[in-house]
Structure formats: structure tokens, C-alpha cells
Amino acid sequence: MAKNFLTYNMEVNGLPQEVRFGAEAIEEVFMPFLHELTDLHMTLDRKVIAYLVAPPGAGKTTLAQFLEQLSRERSAEVDAIRALSMDGFHYTAAYMNVTTVERDGKPVLMRDIKGAPETFDIDLLVEKIREARQEGTNWNVYDRRIHDVLPDYWSVEDDIILLEGNYLLLKETGWTNVRVLADYSVFIDAPRDILRERLINRKVAGGKSREEAEAFYDFSDSRNIERVLSNSARADELWRLLPDGDFERQ
């Protein structure tokens with residue numbers, strides 16, 4: 001039986017985008033998750049911080065923003081959530097242009113592995129999450145038009161925050177301080193071949209040649225995917241990305 005996909009017009013990373021999700025995923029995966037966050041907010045009687053974690057290329061940014069939109073469309077059933085990204089906590093371009101980290105025993109500039117866990121300011125991210133849970137905070141964003149960080153861009157005072165990112169559950173030094181701040185978490189598993197094609201196609205769409213995109217995948221993206229899939233802590237829920245771009249709960 002063919003799936004019933006529903007189409008939505010959204011704005012993702014500042015650009016209009018048409019997205020589609022299966023009706024079954026919306027009712028049997030997404031809405032139960034939003035109900036869980038609503039119940040958790042009522043039970044804890046304070047602001048809730050939830051994580052949506054996935055390897056690069058799994059579509060978590062679009063999904064997080066869709067879940068925010070869905071929560072507002074279904075406001076009679078669930079509380080509204082606010083979707084935020086950890087991407088705004090990359091180090092600045094100026095810093096990454098002159099700062100090196102070790103890769104395969106050799107120093108490499110951060111800019112050459114941008115997106116790897118080492119290129120994020122973990123301490124600042126922890127500080128902002130703690131502030132968001134208390135009185136609220138100003139949140140950094142990553143502007144893909146200038147490929148750099150805009151500090152304190154959004155005012156965040158929402159009761160339920162859904163933070164999306166690759167490394168929020170990573171079992172590595174520093175990231176454990178991020179992991180323990182989650183009240184609830186979802187991890188999205190995905191086949192490596194699907195992630196590879198998505199990431200290469202994304203680079204090509206951004207102006208890279210196929211050869212350049214494949215080289216960057218082999219040098220950086222593939223390693224980040226392995227770190228996320230192999231070394232993330234167990235989440236409260238496990239979802240899976242399907243070949244058709246839809247999601248199911250495991």
C-alpha cells in the first residue's frame with residue numbers, strides 16, 4: 001500500500017522549503033512525542049529541555065522545525081515547543097581559521113573539519129542550556145549565508161525547548177556535560193549509504209564538484225557519522241530514517 005504523504009510549506013534556515021512526512025509518522029511518532037513533552041512539562045512544573053539527536057545528513061534541522069510547527073497547529077492537544085539548533089555554538093570562522101586540532105596525529109585547522117565535535121564551544125553551549133532552563137537566554141544561531149555564528153540572536157523564554165544537534169548525546173570528554181542536561185531525548189538512526197548520498201548532494205547543491213564533495217565526506221563527514229552512530233548514549237526514544245525520507249519509531 002502506498003504511503004499517504006502530507007506536504008507542508010516551511011522556512012528552514014531562512015529559506016522557503018516544501019517538506020513532506022507520512023501521515024502515519026505524524027500520528028504515531030511525532031504526536032506521541034509532543035504529548036510526552038507536554039506531560040513532562042506538567043509533571044516537572046518547570047521548563048523542559050529535550051534533545052533531537054541524529055548523525056549528519058539525517059534531516060534533523062528540518063524535522064525539529066516541523067515539530068515546532070506541528071505543535072502550534074495542534075495547540076488544542078499539546079503545548080507549543082521551540083526548536084533550536086546547536087549549530088550556533090560552532091567557534092567563529094575567525095577562530096577556526098587560525099586554530100588547529102589533532103587529526104590522525106597531525107595538526108589540522110578547525111576550518112578544514114568544520115562540523116566535527118572539536119569545532120564547537122561546548123562550555124558556552126552548556127551555559128546557554130542552563131540559562132534557557134532557568135530564566136531564559138539569548139541563543140546563538142549559525143547563518144549559512146555568511147557561514148558564521150551570530151551570537152545572542154534569538155531571545156528564548158519558552159517552556160519547552162527542542163534542541164537539535166549531532167553530538168548532544170556524545171560519550172566524549174566535554175559532551176557529557178551537555179548530555180546530562182536533557183530532560184528527554186530522541187535519537188535518529190539512519191543507514192550510512194543514505195547519509196552519504198544526502199551529504200554529498202548537499203555539498204554539490206552548494207556549489208562543490210562531485211569530487212570535492214566526496215573528498216570532504218571521506219575526510220570529515222564520514223568520521224562524524226561514525227562518532228555519532230557508535231558513541232552516543234542511549235536516548236529515551238529511538239527513531240529511524242527510512243529510504244523515502246520518512247521516519248518510524250523503533
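Is histidine 41 buried or exposed, and at what relative accessibility? In this predicted model, histidine 41 counts as buried because its relative accessibility is 19%, which falls under the 20% cut-off for that class.

## Overall architecture

The protein contains seven helices and 12 strands. Its C-alpha atoms, taken along the principal axes, fill a box of roughly 55 × 50 × 30 Å, and the radius of gyration of 18 Å agrees with the value near 18 Å that a compact globule of 250 residues would have.

Of the 250 residues, 51% count as buried, while the accessible surface comes to about 12400 Å², with 46% of that area belonging to carbon and sulfur atoms. Among the contacts between residues at least 6 apart in sequence, 69% join residues that are at least 24 apart.

Histidine 41 has its place in helix H1, which covers residues 23-44. Not counting residues up to four places away in sequence, histidine 41 touches Arg46, Val48, Asp79, Asp159 and Ile160.

Helix H1 also packs against helix H2 (residues 60-73), with an angle of about 75° and with the two axes 11 Å apart. That angle makes H1 roughly perpendicular to H2, because the class takes in angles from 65 to 115 degrees. On the H1 side the residues that meet H2 are Ile26, Phe30, Met31, Phe33 and Leu34, and their counterparts in H2 are Leu63, Phe66, Leu67, Leu70 and Ser71. By class, this contact has nine nonpolar residues and one polar residue, with no charged residues.

## Threonine 62 in helix H2

Threonine 62 is placed in helix H2, and it is buried, since its relative accessible area is 16%. Leaving aside neighbours within four places in sequence, threonine 62 is in contact with Met10, Val12, Gln17 and Val19. Valine 126, by C-alpha to C-alpha distance, is 23 Å from threonine 62 in space, and the two are 64 residues apart in sequence.

## Leucine 169, a buried loop residue

Leucine 169 is found in the loop between strand E9 (160-165) and helix H5 (175-179). This leucine counts as buried, because its relative accessibility is 3%.

Which residues does leucine 169 touch, when those up to four places away in sequence are not counted? They are Tyr51, Val53, Arg179, Ser185, Phe187, Asn231, Ser232, Ala233 and Ala235.

Histidine 147 lies in the loop between strand E7 (137-143) and strand E8 (148-156), and it has a positive phi of about 55° although it is not a glycine. At 48% relative accessibility, histidine 147 counts as partly exposed, since that class lies between the 20% limit for buried and the 50% limit for exposed.

Aspartate 152 is found in strand E8 itself, and its phi is near 50°, again a positive value in a residue other than glycine. With a relative accessible area of 43%, aspartate 152 is partly exposed.

Definitions and conventions:
Residues numbered from 1 in each chain as written. Predicted model: local features only at pLDDT ≥ 70, side-chain atom pairs only at ≥ 80, totals over all residues. Heavy atoms only, no water. Helix = DSSP H or I, 4+ residues; strand = E, 2+ residues; numbered from the N terminus. Buried < 20%, exposed > 50% of the residue type's maximum accessible area, 1.4 Å probe, protein only. Contact = heavy atoms within 4.5 Å. Axes fitted to C-alpha atoms, helices over the stretch in contact; angles between N-to-C directions. Parallel < 35°, antiparallel > 145°, perpendicular 65-115°, else oblique. Nonpolar A, V, L, I, M, F, W, Y, C, P; charged D, E, K, R; others polar. Rg over C-alpha atoms; globule rule 2.2 N^0.38 Å. Areas by Shrake-Rupley, 256 points an atom, 1.4 Å probe, with all protein chains shown as cover.
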